[in-house]
Amino acid sequence: MKIAFIGLGNMGGGMAANLVKAGHTVHAFDLSAEATERATGNGCAVFPTVREAVQGVDAVVSMLPNGKIVESVYTADVIGQAPAGALLLDCSTIDVDTARKVASAAEAAGYAMVDAPVSGGIAAANGGTLTFMVGGTEDAFKRAEPILAAMGKAVIHAGASGAGQAAKICNNMILGATMIATCEAFALAEKLGLDLQTFFDISSKASGQSWSMTSYCPVPGVGPQSPADNGYQGGFAAALMLKDLKLALEAAQSVGANVPMGTRAEELYEAFAAAGNGGVDFSGIIKTL
Ligand code: NAD
């Protein structure tokens with residue numbers, strides 16, 4: 001297949017490379033010269049504009065920073081420029097309303113479009129082990145599945161347009177809140193004189209267990225290897241967690257949902273990022289608790 005890939009940053013760079021490895025011809029575009037150089041090295045054909053990159057392709061995949069950029073790239077340079085009938089897949093994490101708005105504009109112009117945000121960070125993007133949560137029609141999902149499978153280990157149909165983004169932000173709202181709860185509990189356990197490895201051995205097999213504890217323990221030297229063992233570097237940046245929590249709160253407000261734990265998690269990550277820790281792994285918030 002001929003696939004245009006827009007947004008070759010930390011995540012998109014590895015994803016585009018995996019499409020090349022799967023045998024696709026990838027037409028790549030990014031505003032950053034560094035990103036396009038890496039893409040060339042990974043076997044992508046780099047184009048000077050989005051409009052040129054989408055000419056003659058079967059599908060367009062994007063991995064961009066936010067909803068505003070996604071909307072402007074699709075409305076200005078993809079819709080009406082990519083061949084009629086091309087499948088459009090936005091893998092960025094953006095707000096549900098923008099995802100639905102862009103998909104409706106694409107559908108009105110005769111394209112099928114899915115929102116397909118991911119779970120898994122840079123290592124999963126490079127390794128082709130992302131999990132995709134897909135929003136769109138059954139037909140669009142069936143067409144998207146083999147393309148996404150080349151970049152991930154799981155591709156799940158979440159529901160209609162916007163459902164992939166809804167699943168992503170609900171999942172990450174749980175993650176933000178459970179990480180803080182886990183950090184708090186370890187900090188308290190230490191003050192109460194418990195050995196932290198012993199506490200892990202107990203709680204990881206008891207009802208306090210969660211992914212934040214057993215796969216991503218925020219205490220150095222406890223549990224499997226995690227960013228805590230690397231000075232809280234190189235995992236999922238606190239700024240990205242904050243972004244996802246803000247999207248969750250915005251979505252909650254739009255439907256009148258009560259999310260007190262998500263709200264508190266957002267406040268704590270906001271303060272953590274404002275103190276200069278935006279680039280620190282999100283489990284580093286333990287240092288403030
Ligand atoms: P990034 O900043 O590394 O990459 C974004 C890329 O988009 C950059 O290379 C930038 O130059 C490019 N870009 C910006 N505007 C553009 C435009 N108008 N046209 C073309 N390219 C443009 O970000 P990232 O970490 O790769 O994240 C991308 C998306 O993935 C975000 O929506 C993020 O929330 C989501 N995400 C990230 C992670 C993670 O661990 N990094 C995990 C899950 C989801």
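1. Start at Leu-64: in this predicted model, one of its backbone N or O atoms lies 2.8 Å from an oxygen atom of the ligand. Asn-10 also reaches the ligand through its backbone, with an N or O atom 2.9 Å from a ligand oxygen. Lys-243 uses its side chain instead, placing a polar atom 2.8 Å from an oxygen atom of the ligand.

2. How much of the ligand does the protein cover? On its own the ligand has 830 Å² of accessible area, and the protein covers 84% of that. The space that the ligand takes is the largest pocket.

3. Now look at who lines up around the ligand. There are 23 residues around it, and those that come nearest are Asn-10, Met-11, Asp-30, Leu-64 and Lys-243.

4. Finally, a word on domains. Domain 1 (2-160) and domain 2 (166-288) each supply at least three residues to the shell around the ligand.

Note on methods:
Residues are numbered from 1 along each chain as its sequence is written. This is a predicted model: local features need pLDDT of at least 70, side-chain atom pairs count only at pLDDT 80 or more; totals for chains, interfaces and linings use all residues. Side-chain values use heavy atoms; hydrogens and water are left out. A residue is near a molecule or strand if one of its heavy atoms lies within 4 Å of it. A polar contact is a pair of N or O atoms within 3.5 Å; within protein, one must be able to donate a hydrogen and the other to accept it, and residues adjacent in sequence count only if both atoms are side-chain atoms. Accessible areas come from the Shrake-Rupley method with a 1.4 Å probe; for residues, only the protein chains shown count as cover. On a 1 Å grid over the protein atoms alone, a cavity is a set of points where a 1.4 Å probe fits but cannot get out, and a pocket is an open set with protein on both sides within 12 Å along at least five of seven lines; lining residues have an atom within 4 Å of a point. A molecule sits in a cavity or pocket if more than half of its atoms lie within 2 Å of its grid points. Domain bounds come from an automatic or database domain assignment.
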